[in-house]
Amino acid sequence: MTPVSISWKNLRVNKLTFFLNVLLIAFGVGILTLLLLSTTQVSEKLSKNAKGIDLVVGAKGSLLQLILSSIYFVDFPTGNIPLEQAEAISRNPLVSRVVPLALGDNYEGFRIVGTDTSFINLHDLQLASGKFWEDNFQVVVGAEVARVARLKVGDKLYGSHGLSSAQDIHEEHAYILKGILKPTGSSADHLVLTSIESIWKMHGNEEHHREKEITSLLIQYRSRMAMVLLPAMINKSTSMQAASPAKESARLFSLIGIGIETLQWFAIAIMLMAGVSVFVSLYNSLQERKYDLAVMRVLGASACKLFCIVILEGTILTSIGSVIGLWLGHTGMELIGYFQDSAQARLTGWKLLPQEFYLVGSGMLIGFFAAVVPGIQAYRTDISSTISKG
Amino acid sequence: MVDVKAVSYQYAGAESMTFGDLCIGAGEKWLLTGESGSGKSTFLHILTGILKPASGKVTIDGTDIYSLSSAAQDRFRGRNIGIVFQQAHLIKSLTIQENLLLAQSFAGLPKNKKKVNQMLQELGIGSKAFSYPQQLSQGQLQRASIGRALINRPGLLVADEPTSSLDNRNADTVLRLLLDLSNSHNTSLLVSTHDDRVKPAFSNVYNLTLNDAR
């Protein structure tokens, strides 16, 4: 009969109270886990995709939309920019690396991105099989694309116009799959990469001698000076706009941050309520068990031991709740990820974060503090008078 | 075995009670009698180390129990004194077997299921080892509580009105078990009672009268 087993048996006596308290703690911890998992994963994804990109230049429109479409490949592009103007910026001495992007088509919902080797270098993409494209109408696909569409090197792909629909298929030209990328955990997993010329050819630009256009440019600065000069220059003196990923994702985060904070306080309130509930349950059960405690003292248990037993009851209760809460949070996260529409931003529940130990720890602490007052009561049990009244 | 000397106690707002000296030898059977209100329970609580007297000394098996620290006192009581109350008061969340195991572990002794089961057999409630207290009758509960008091082979067994809430048949069984078991374990026995059914079985009587107590 260790104190732990005694506490556990006491807890099992009142199953409904036990259930209610575990439920409250689990709910609070579950919500906090969910928030923790989603915010870290979203911000991780955001920063991973934006790594090495200081500025995005594209057609005028919404700054956020430009960032979302060119870095995260989720929203629609703001439009196209003339190749000539884009090249002018590439030649600017403030710029160290430029990645051109041409969007507009998709393959079974995955975006086809016309770019050059600089995109591969920027994201440090590596091949799992095959090789990179060398000629027009050759593509390299991300790991997710290959998995979902069951593609292998040598397959033929037909792109369709637009960013998501499968209508309006470009049947006149097929892409040849040359290589499959290793999984990166970033949006590159969900892309079909090819040369910009392929995109132009696909849309017949060559024949019509139209002005060549691309969608946007990803830019890396050469110096800190560029941070000040380049955006101002582009925004003022060209028909294009420049957006900073850092600034825009910070803005995005501050928008959703309010909702997250509200939920956080809500979850904390639930946890505190759980603490009060554990306190009341322990307090009440001790009133009923006063005589039991006195008898335990008679049998040789020290006052400290009784204190420990009561503290353990509170702590075991909330620990179980916390662990169930973690499980709920993770399962919930995985479910949300499963039913998510945008494949690029898919979240997963099967990832443990070090902060979760603090969550379990604070759950246990709530149990501990809720049990302190009842524990002191147990400690102070007056054996003689309790037994005389019994 | 037990030596009580010049013990007195005073409840808040009441007159001080002084108890006559008592000396119980090893294996002796004593009856503690007295009208209700004469301080029988108070005396038993002092004797068993759960109520510190205002003055006097209680020595059990050579140990002055009130000179021990609180935790040592608890442990000493767990090992050397078995107590049976008027009500059995077994721990409701534990089975009968676990209640007896609890007595072993609280006394700091190794758990011994074999010994527990043997004790329950001796008490005629071996089949109830895995039952919970609410599933037992009053008589069975009282027998289990005797088992709990004796499981650690204490030198002294104290019973406070052990039969007064039982019917004749059960009172008889419980009394017989108290006497038989304390005989076979060579345990000193002190039974407080105002139950006349108990009295004939004892030769040594320590009588508390209201006068004595004052």
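A salt bridge is a side-chain nitrogen of Lys or Arg within 4 Å of a carboxyl oxygen of Asp or Glu. This is a predicted model: local features need pLDDT of at least 70, side-chain atom pairs count only at pLDDT 80 or more, and totals for chains, interfaces and linings use all residues. Residues are numbered from 1 along each chain as its sequence is written, chains are lettered from A and ligands numbered from 1 in the order in which they are written, and side-chain values use heavy atoms, with hydrogens and water left out.

**Stop 1: salt bridges**

Over all chains, the whole structure holds 14 salt bridges. Side chains of opposite charge can pair when their charged atoms come close.

Select Asp155(A) and Lys152(A). Their side chains form a salt bridge, 3.5 Å from N to O. Now check how covered each partner is. Buried means under 20% relative accessible area, exposed over 50%, and partly exposed in between (1.4 Å probe, protein chains only). Asp155(A) is buried, at 17%. Lys152(A) is exposed, at 56%.

Go to chain B and select Lys199(B) with Asp196(B). This salt bridge spans 3.1 Å, N to O. Lys199(B) is partly exposed, at 32%, and Asp196(B) is exposed, at 56%.

**Stop 2: a buried pair and its network**

Next, pick Arg77(B) and Asp74(B). The closest N and O atoms of their salt bridge are 2.4 Å apart. Both residues sit in helix H2 (residues 70-80) of chain B, three residues apart, about one turn of the helix. Helices (H or I, at least four residues) and strands (E, at least two) are DSSP runs, numbered from the N terminus. Are these two partners buried or exposed? Arg77(B) is buried, at 1%. Asp74(B) is buried too, at 1%.

A network of salt bridges links Arg297(A), Asp74(B) and Arg77(B).

**Stop 3: helix H11 of chain A**

Arg297(A) is one of the buried residues of H11(A). Select residues 290-298 of chain A. Eight of the nine residues of this helix are buried, so H11 is largely enclosed by the rest of the structure. Among the buried ones are Tyr291(A), Leu293(A) and Met296(A). Step just past H11(A) to Gly300(A), which has a positive phi of about 115°.

**Stop 4**

Most residues other than glycine have a negative phi, and most peptide bonds are trans. Find Phe73(A) in the loop between helix H3 (63-72) and strand S2 (81-82) of chain A. Phe73(A) is buried, at 2%.

Then jump to Asn186(B), where phi is positive and near 50°. Asn186(B) is in the loop between helix H6 (168-184) and strand S9 (188-192) of chain B. Asn186(B) is exposed, at 52%.

**Stop 5: a helix residue in chain A**

Select Gln41(A), in helix H2 (residues 15-49) of chain A. Gln41(A) is buried, at 4% relative accessibility. What does Gln41(A) touch, leaving aside neighbours within four places in sequence? Gln41(A) is in contact (heavy atoms within 4.5 Å) with Leu347(A), Thr348(A) and Lys351(A).
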